Amino acid sequence: MIRKNPHYSKLQASYLFANIAERVGKFQQENPDREIIKLGIGDVTLPLPPSIVQAFHDAVDDMATSAGFHGYGPEKGYPFLREAIAQAEFISRGTSITADDIFVSDGAKCDTGNFQELFAQNIQVAVPDPVYPVYVDTNVMAGRTGQWNDGRYEGLRYLEGNETNGYVPLPAADLKADLVYLCFPNNPTGVTATKEQLKVWVDWALENRSLILFDAAYVSFIRDENLPQTIFEIPGAEKCAVEFRSFSKNAGFTGTRCAYTIISDKCVIWDESGEEIPLKPLWSRRHTTKFNGVSYPVQKAAEAVFSPEGKKEVRELTDYYLENARLIKKGMEALGYSCIGGGNSPYIWVSGGMPSWDAFDLLLNKAGVVITPGEGFGKCGSGYFRISAFNDREKVNEAMERIALALK
Ligand SMILES: *Cc1c(COP(=O)(O)O)cnc(C)c1O
């Protein structure tokens with residue numbers, strides 16, 4: 001008898017975005033003439049920039065010739081892309097990361113979700129709250145938690161973000177965890193972590209022989225020069241952290257699919273007999289067994305992100321969304337709401353003054369604007385909502401006008 005993985009029964013039936021889609025669908029059915037503006041889900045709206053599209057096209061043309069045809073590529077990614085990434089993002093910032101430490105993949109969602117496979121079943125996992133749900137659900141599926149109980153999974157350790165700690169939870173003196181997920185600039189709160197704050201985490205991980213999984217999907221939105229651009233700028237991080245990056249949010253690759261994971265040779269974990277072992281070969285084994293590479297045209301398109309023209313275009317894309325974020329934040333603050341995020345991230349986290357699904361329904365019904373209820377990201381998100389800056393400028397302006405009318 002084929003039987004179900006029992007851990008799947010613990011998952012919360014209605015995933016956040018499914019619940020939103022259901023409410024939006026119902027509203028649209030009842031108000032067929034009302035145009036809805038979506039500032040909810042974190043998907044980009046601007047098209048791929050010209051020089052990146054050109055590289056994409058050229059690579060497709062290569063595929064039509066005997067000389068330029070590419071079959072299976074190297075599972076870790078083509079050296080041309082890994083070297084471009086290493087140079088532009090890591091060597092230039094003085095870190096010890098090289099092209100050999102980079103694994104190209106089809107998404108940071110998959111990588112952050114799959115990475116937990118490398119670890120023992122009975123490790124202690126800690127996640128922030130609020131949190132990107134992928135980190136939590138993939139550990140639930142793997143059986144590392146107990147049941148869902150009062151808004152949380154038993155057995156998981158939650159690192160609470162709140163107004164007191166500015167949504168940057170730091171390890172308490174007695175924190176015991178083997179694996180910690182961190183994400184800066186953060187989804188959903190939009191906050192960033194300083195070098196000093198990341199150093200506290202790195203020092204803690206080194207002392208406790210723990211591993212940090214650092215999700216830097218939004219790093220290209222950082223404008224403040226004092227903020228770290230990679231966790232590997234923190235001394236010792238190469239020994240205790242893995243970083244995840246993506247072309248989705250900076251270069252508009254959400255539908256094109258390309259991302260990468262960075263693991264230094266110096267990064268170690270411990271085996272069942274307490275022996276120290278390097279982590280990189282484990283991910284290499286997993287990646288090359290279960291993944292067959294990102295397509296050649298997509299990797300050529302990704303490489304173009306690092307050309308002088310590509311860099312300029314990607315900067316313009318992220319500047320555009322950051323200006324949206326500024327307008328949203330300004331608009332909400334003018335209405336008397338306290339907000340964080342924005343400046344170095346495409347998300348604004350708003351203190352709503354009411355339960356977050358009530359705020360969701362209010363904004364949908366009165367303004368025709370879709371936002372994301374904070375509760376969907378964890379218990380600490382209750383009473384808050386996230387507004388995404390991923391939309392066209394006119395839509396953002398109109399949304400803010402409608403919200404102002406609705407909330408006045
Ligand atoms: C969008 C996002 C990603 C990127 O996912 P891809 O699979 O590369 O598109 C990763 N982490 C977070 C927190 C995100 O919001």
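The model is predicted. Helix 13 spans residues 393-407, and its buried residues line one face of the helix.

**Strand 8: side chains**

- Leu211, Leu213 and Asp215 point one way from strand 8, while Ile212 and Phe214 point the other way.
- In a regular strand the side chains alternate between the two faces of the sheet.
- Residues on both sides of strand 8 are buried, Asp215 among them.

**Strand 8: neighbours**

- Strand 7 (residues 179-183) runs parallel to strand 8 and is joined to it by 5 bridges.
- Within this pairing, Leu211 of strand 8 stands opposite Leu179.
- Between strands 7 and 8 the chain passes through helix 6 (residues 195-208), making a right-handed β-α-β crossover.
- Strand 9 (residues 241-246) is also parallel to strand 8, with 4 bridges between them.
- Leu213 has Val242 in strand 9 as its bridge partner.

**Helix 13: length and faces**

- The 15 residues of helix 13 reach 21 Å from the first C-alpha to the last, close to the 21 Å expected at 1.5 Å a residue.
- Its buried residues are Val396, Ala399, Met400, Arg402, Ile403, Ala406 and Leu407.
- Seen down the axis of helix 13, these buried residues fall within an arc of 165°, so they line one face.
- Glu394, Glu401 and Leu405 are exposed on the other side of helix 13.

Definitions and conventions:
Residues are numbered from 1 along each chain as its sequence is written. This is a predicted model: local features need pLDDT of at least 70, side-chain atom pairs count only at pLDDT 80 or more; totals for chains, interfaces and linings use all residues. Side-chain values use heavy atoms; hydrogens and water are left out. Buried means under 20% relative accessible area, exposed over 50%, partly exposed in between (1.4 Å probe, protein chains only). Helices (H or I, at least four residues) and strands (E, at least two) are DSSP runs, numbered from the N terminus. Two strands pair if DSSP finds at least two bridges between them. A crossover is right-handed if, with the strands pointing away from the viewer, the path from the first strand over the helix to the second runs clockwise. The expected span of a helix is 1.5 Å times one less than its number of residues. The arc is that of the directions from the helix axis to the C-beta atoms.
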